[in-house]
Amino acid sequence: MNNLYPIHDSLVSRQEKEKLLSQQGMVFWFTGLSGSGKSTIATAFQRTLYEQGYFAEVLDGDNIRTGLNNNLSFSEADRAENIRRIAEVAKLFCQNGIITICSFISPTIAMREQARTIIGPGDFVEVFVDTPLEICEQRDVKGLYARARRGEIKGFTGIDSPFEAPINPEIHINTTTVGVKEAVGNLMAKVRSTGYEVRGMGYEVRGMGYEMHSEELTEDEENIASDFYAPYNKKSVQNLIVWQKAMQITSRLLKMVEEIKEFGLRDQIIRSSVSIASNISEGYNRGSNKEFIRYLFIAKGSASELHTQLLFVKELYTFNDLDAILNDLSVLLQQLGKLIQYRKSHGF
Ligand code: ADP
């Protein structure tokens, strides 16, 4: 074949990869003193992302200094080179759609600006893990502050080498007032703001682990899930939280859709919203766990479709209730996911 097209026309684009992963690549650059909580929050953040079906990787001193950068010292020049290489790696990850969490002290503004420039300002999210030196020193997780105070480590950030706090970080976590869970919540909000808040259906079709995450059911969901085999008089689809929620969403939507002029879209919305509750009910009445899971999957697919349709409506109209409905729908999707997970693990 002749080479009529430049190679990048045939390479899979970033957008295509992001669509495949149902997520947007971005780099969360954690900066803060040693012991401020970067690794702790980064690890919890990655775990939450994974459990919600996102693909994320953490780059930190351990996996970079021992490998790619094992020929670098802590001299000023080598510290700059360390950050430059990390930023280049993060950029590669990010451009492949991966949510990349970099956890490095990176003490100077210039270093972080260099990273921002390499990665690209649109993909770079500076996260300041803000913990006062006294507290980091009290924690002294790795015993490094004590050694630095004894003069055994020279140029230790915060002791005899400066830390320049970010002036205007995208995310500021004050760990003296914000716990790890809340910090992760703030970071997740940033990920969701990319418009990929509902995980793609394709993932389940490939039979991967997304549904198998270990998140615990709330007490309510536990009751509802076990209600399936509860005494006969209590056994009714009306008792299922997921069914109730689906019905609520449908009835609120039916009022709204009358104002939608695009009839095709209106039809689709009605069809997917009705399909959620009716599939839950159909599966529930089949009496077999396996069948129930199958119908729950279909209901979940319809809920995903409905979500996409409503995001489209949001582009066209301003309905007061729409954000609340979208929010309820996200909750319903999570509940359906958990119920499926529960059913799978309890093979009745
Ligand atoms: P770094 O990676 O910044 O060097 P680490 O995450 O290794 O820091 O250590 C931070 C320590 O502080 C951990 O022992 C962690 O449990 C503790 N810690 C206490 N409160 C918080 C908080 N709100 N956020 C993060 N870490 C906290």
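**Ligand shell and helix packing**

Biologist: Which helix gives the largest share of the shell around the ligand?

Modeller: This is a predicted model, where local features need pLDDT of at least 70, side-chain atom pairs count only at pLDDT 80 or more, and totals for chains, interfaces and linings use all residues. Residues are numbered from 1 along each chain as its sequence is written. Helices are DSSP runs of H or I, at least four residues, numbered from the N terminus. The largest share, 4 residues, comes from helix 2 (residues 38-51).

Biologist: How many nonpolar, polar and charged residues does the shell have?

Modeller: Ala, Val, Leu, Ile, Met, Phe, Trp, Tyr, Cys and Pro count as nonpolar; Asp, Glu, Lys and Arg as charged; the others, Gly among them, as polar. The shell then has 4 nonpolar, 10 polar and 2 charged residues.

Biologist: Are helix 11 and helix 12 roughly parallel or roughly antiparallel?

Modeller: Take helix 11 (residues 241-257) and helix 12 (residues 263-286): their axes come within 9 Å and cross at roughly 160°. Axes are lines fitted to C-alpha atoms over the stretch in contact, with angles from 0 to 180 degrees between N-to-C directions. Angles over 145 degrees count as roughly antiparallel, under 35 as roughly parallel. The two helices are therefore roughly antiparallel.

Biologist: How do the residues of the contact of helix 11 with helix 12 divide by class?

Modeller: Contact means C-beta atoms, placed from the backbone, within 7 Å. Helix 11 brings Trp243 and Leu253, among others, and helix 12 brings residues including Arg266 and Ile270. The division is 13 nonpolar, 3 polar and 1 charged.

Key: Parallel < 35°, antiparallel > 145°, perpendicular 65-115°, else oblique. Contact = placed C-beta atoms within 7 Å.
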